[in-house]
Every structure is written in C-alpha cells, then in structure tokens.
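Thanks for coming, everyone. Let's walk through one protein chain together, piece by piece. Have a look at it first.

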Amino acid sequence: AHLPFPLPLVLATLGGAALAGVVGLFSLRRMRRDYQGAILLIVSLIAAEIVTADVPMFNGSNGLTGVPKPLASLGLGLQAYQWSYAVWSLVIAFAVYAGVRWLSRSPWGAALRAMRDQEVAAGAIGLNITVLRMQVFVIGGAIGGLSGGLLVQYIGAWSPGAWGYAETFVIFTAMFVGGLGNYRGVALGILLVPIIFLEIPQFLPQIGYPGLIDSLEWILIGVLWMLSLYFRPQGLVPERKYVAVGSPLIPMGEGTRLASLAGGITGRAR
C-alpha cells in the first residue's frame, strides 16, 4: 500500500489474477456449474475466516487503515481530489471496458461462446474447455483485483467484513437486471443497481425509524431481481446474436486438422 503510485494498483491486479489462478486449479474442473458455484462459495467463506483469524496477515477483522492517497501529491482540496479520483477511475473503467469488448469480439471470445452454449461440441472440435475456463477466471480475478485496489486507495481502509453476502447479492442482481453475456448489459446493471438504487436514497429525507430506508433498499433489490427473472430473464440489454463469418468448411489435407472455433471462425454481432 505504501509503494509509489501506480505500483499498488499493478500489484493488486497481479494479485487478483494469481489468486484466481490458484482457486481455479481445483474449482474449474469438469463438473456441473452448480457444483462449481458451491466450491467458490466455500472458498470465499474459508478465505474470509482465515483473513479474520490471522491478525499478522491483514490485521484481522480490523483490516487496514491509513492507506496512502495515490493522488495526494497533487495538493488538491477534498472536493477537487474526489473529482480527480473519479476521473482517474473512469479512465481505468473505460480502458477495461475496451479490453473486454475487444476480447469478446475476438476469436477467443467466439470460443468462449461456443464453450458456454455447446460445451461438448466445442470440446469435440479441439477446444480445451478447462484452459478456457481458467483464462476467463484469471482475467476476471485481475479485473477484480484492480477494482478492489481503486476502492481501497480511495477510502484509505479495508476490512474483511466490508464485503459479504449482501455486496455479492448486489453484483449478481446488477448482472441479471442489465443482461448476462454482454458487457453493455452488465455496465447498465451496475449503473442502475449499486449506484442509483443504493446511493441515491442516501440523499432522501429520513422517514420512519433509523435504518428503515436501508431495509427498504434491500427489499427493493430483491424484488427487482425476481421481477427481472420473471418478466425479462434476458435482461434490459439482451446478448447480441453472432453469426459465423469466413469459410464454413476447412480443407482437410495431410498434416492438417479441423480448425478449432477459436482459430478458424470469428464472430460478428447481428
């Protein structure tokens, strides 16, 4: 945390990727997706308990405090600093968005869609399903580490109790409401649920007993998730359909094999 800027963010990104790689070694094997979800849930519970119990690691349940402000050298006031950090975070967010967009439109992204929709067929044409899952998991871990680093550097503190079931539930709701399987839908869901539905009520006048608005927020999010699954399971921004472009048949000569979907077919949105 005290290294020169931007090394903490770089190390946070690499740390998230490395941790995802370790977890993926035993959680992404050929098994049903609900089993994978159960394993990841168990791992998160174990990790939270270890961090809480091991005080020398991250100061136990108290967490870290006094994390240096990355843009403090600019000598800005509080409000100017907050706006500057918001711009800095937006720049990184757009860069990550552009990277994810490029990956999803690449042959590698086409391979991921093939793995998701027709796993058996994707494996039959030569795609390594386990490796693809690991790649996605590591990239997601890197993005998660980067976003966590931005958050911790902004608030200047972190504790294991800051992220639990409730925060995970909010992220899942945002993805379902916005639309699974596409980056535009997820971005819209994040804008609606964690930002609008959770942050705007804080500026409303207090009604009822203290904590009533907070309770109503979680009820609203739960209802929003159920309504989304019932009336629009594809989300507000449905995933765009892709059609194969290029030669549908690959000549099979001596020393050649059927080109995999990752290398021989690219996807174009329709």
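This is a predicted model: local features need pLDDT of at least 70, side-chain atom pairs count only at pLDDT 80 or more; totals for chains, interfaces and linings use all residues.

Pro 6 sits in the segment before helix 1 (7-27). A word on "helix": helices are DSSP runs of H or I with at least four residues, strands are DSSP runs of E with at least two, and both are numbered from the N terminus. Phe 5 and Pro 6 are joined by a cis peptide bond, with omega about 5 degrees. Most peptide bonds are trans.

Residues are numbered from 1 along each chain as its sequence is written, and side-chain values use heavy atoms, with hydrogens and water left out.

**The whole chain**

The chain has 11 helices and four strands. How much of it is buried? Of its 270 residues, 26% are buried. Buried means under 20% relative accessible area, exposed means over 50%, and partly exposed is in between, with a 1.4 Å probe and protein chains only. The accessible surface comes to about 17000 Å², and carbon and sulfur atoms account for 71% of that. Those areas come from the Shrake-Rupley method with a 1.4 Å probe; for residues, only the protein chains shown count as cover.

Next, contacts, meaning heavy atoms within 4.5 Å. Take contacts between residues at least 6 apart in sequence: 69% of them join residues at least 24 apart.

**Helix 7**

Helix 7 has 27 residues. The expected span is 1.5 Å times one less than the number of residues.

Its buried residues include Ile 129, Leu 132, Arg 133, Gly 145 and Gln 153. What covers them? Among the elements that do are helix 1, helix 2 (33-53), helix 4 (78-104) and strand 2 (157-158).

Let's stop at Gly 145. Gly 145 is buried, at 16% relative accessible area. Leaving out residues up to four places away in sequence, Gly 145 touches Ala 12, Thr 13 and Gly 16.

Buried or exposed? Gln 153 counts as buried, because its relative accessibility is 7%. With residues up to four places away in sequence not counted, Gln 153 touches Pro 8, Leu 9, Val 67, Pro 68, Lys 69, Pro 70 and Tyr 85.

**Salt bridges**

How many salt bridges does the whole structure have? A search finds two. The rule: a side-chain nitrogen of Lys or Arg within 4 Å of a carboxyl oxygen of Asp or Glu.

One joins Arg 133 and Glu 119, with the closest N and O atoms 2.9 Å apart. This pair links distant parts of the chain: Arg 133 is in helix 7, Glu 119 is in helix 6 (residues 119-124), and they are 14 residues apart. Arg 133 is buried at 12% relative accessibility, while Glu 119 is partly exposed at 26%.

Asp 117 and Arg 116 also meet in a salt bridge, at 2.8 Å from N to O. Asp 117 is partly exposed, with a relative accessible area of 49%. Arg 116 is partly exposed too, at 33%.

**Helix 8**

On to helix 8 (residues 165-178), where the 14 residues should span 20 Å, and the end C-alpha atoms are 20 Å apart. Which residues are buried here? They are Val 170, Thr 173, Ala 174, Val 177 and Gly 178. Seen down the helix axis, they fall within an arc of 115 degrees, so they line one face of helix 8. That arc is taken from the directions from the helix axis to the C-beta atoms. Remember that an α-helix has 3.6 residues a turn, so residues three or four places apart point the same way.

The buried residues of helix 8 pack against helix 9 and helix 10. After helix 8 comes Gly 179, with a positive phi near 135 degrees. Most residues other than glycine have a negative phi.

**One last stop**

Ile 207 lies in the loop between helix 9 (183-199) and helix 10 (212-231). Ile 207 is partly exposed, at 45% relative accessible area. That's the tour. Over to you.
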